[in-house]
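This report goes through one protein model, topic by topic. Please keep the structure open while reading.

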Amino acid sequence: MISHNFTFDSGLFGFFYRILRPIEWVMTYVMVYCHKFLTFIGFSSGSNVAWALSVVLLVVLVRLLILPLFIKQMMSMRRLQAIQPQMRKIQNKYKGKTDRASKEASSREMMKLYQDNHANPAGSCLPALIQSPIFMTMFYVLSAVPYIANGKRAPLGAFTVKVAKEFEQTQIFGIHISDNLTTAQGASKIVIIIFIALMCLTMFYSQFHNTRKNMPRASMEGSQYRMQKMMAYIFPVMYIFSGVAFPFAVLIYWLTNNTWNLGQTLWQVRRMPTPGSPAAEEKEVRDRNRENRRRDKAGEPSLEEEALTKAKEEQVQQLESGVSHQRQQPKRGKNKKRR
């Protein structure tokens with residue numbers, strides 16, 4: 001049983017979501033066209049799994065659109081993580097110094113460090129800020145569907161009362177897509193609990209893997225590192241409380257989004273690790289083994305054999321150079337005759 005008023009249309013939430021109305025309007029049409037595409041390729045029309053898959057397709061489309069922002073964010077964070085040891089040195093250098101001259105000197109050294117390494121602290125935050133309204137809009141649209149279907153809220157974009165009813169009455173895994181943990185019955189509650197658990201697990205492992213593998217070893221100490229590890233545990237726990245009240249459609253969206261995030265994190269850590277991190281060391285070993293296998297197939301010496309040969313050649317050159325540049329000692333016999 002849903003409440004009479006849609007909470008997100010009033011108060012502070014209502015103010016923010018009215019600003020985002022154009023994006024909400026576009027998203028409803030995207031979902032409707034995704035549903036039409038799925039029915040075109042063979043899925044049944046009306047209330048069916050195609051609506052649940054349209055939520056998944058919406059997440060995929062949005063994530064593809066903001067993929068360039070993610071890559072920009074990833075590169076910025078990678079550069080910032082790589083210079084954290086130098087940042088810590090500067091912070092320790094001016095630790096406890098509160099006079100104006102010390103603060104200005106600390107700022108200058110920090111800015112120079114950013115410029116020398118092409119790092120921008122705002123660069124890692126800006127893409128996330130741009131992504132936030134998109135995800136807020138998706139959450140709002142999916143939460144508004146039951147209210148539109150029951151006539152408690154005006155239609156939104158392509159989500160007319162008829163479309164909203166089709167969406168709301170869709171069942172997947174035996175549960176209505178608009179149900180939450182409090183309205184679901186019997187085995188449906190277990191399905192929702194499994195989805196919430198998967199949401200927490202994917203989010204936790206994404207953060208835990210990134211913290212454990214993709215941070216420079218020099219940064220794996222101190223209060224900041226402990227705080228990051230703690231956040232990897234706290235955020236998934238917050239999902240448990242919010243997931244209880246969210247409609248199942250929102251859980252589908254969130255699980256899809258978290259799964260995408262996990263895939264991105266695994267790819268990033270493996271292919272583009274932060275310099276000096278355990279993942280970077282593992283990549284170096286993988287790259288070396290790959291090059292040795294290529295050389296073995298081509299009948300060429302391995303990297304280790306090539307390095308050993310080069311070291312021997314340099315040793316021989318040093319010995320020869322030492323002999324040729326050895327100072328000639330005076331002969332005593334000749335000196336005695338001169339006397």
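## Helices, strands and the basis of the model

Helices (H or I, at least four residues) and strands (E, at least two) are DSSP runs, numbered from the N terminus. The model is predicted: local features need pLDDT of at least 70, side-chain atom pairs count only at pLDDT 80 or more, and totals for chains, interfaces and linings use all residues. Residues are numbered from 1 along each chain as its sequence is written, and side-chain values use heavy atoms, with hydrogens and water left out.

## A loop residue with positive phi

F173 lies in the loop between β1 (171–172) and β2 (175–176). Most residues other than glycine have a negative phi. F173 is not a glycine, yet its phi is positive, at about 55°.

Is F173 buried or exposed? Its relative accessible area is 56%, so F173 is exposed. The terms are set as follows: buried means under 20% relative accessible area, exposed over 50%, and partly exposed in between (1.4 Å probe, protein chains only).

## Aromatic pairs

Rings of Phe, Tyr and Trp (its six-membered ring) pair if their centres lie within 6.5 Å; planes under 30 degrees apart count as stacked, over 60 as edge-to-face and the rest as tilted. A search of the whole structure finds 16 aromatic pairs. The ring centres of W25 and Y29 are 4.6 Å apart and their planes are at 50°, so this pair is tilted.

Both W25 and Y29 belong to helix α2 (residues 21–40), where they are four residues apart, about one turn of the helix. W25 is partly exposed at 45% relative accessibility, and Y29 is partly exposed at 30%. Elsewhere, ring pairs link F8, F13, Y17, F139, Y140, F246, Y253 and W254 into a cluster.

## Cysteines

How many disulfides are there? With a disulfide taken as a pair of cysteine sulfur atoms within 2.5 Å, the count is zero. C34 is buried, with a relative accessible area of 8%, and C200 is buried too, at 10%.

## Regions listed in UniProt

An unreviewed UniProt entry lists residues 49–71, 190–209 and 230–255 under "transmembrane region". UniProt positions are given in the numbering used here, feature names are shortened, and annotations may be inferred rather than shown by experiment.

In the model, residues 49–71 are 96% helix and 0% strand, with the end C-alpha atoms 32 Å apart. Residues 190–209 are 100% helix and 0% strand, and their end C-alpha atoms lie 28 Å apart.
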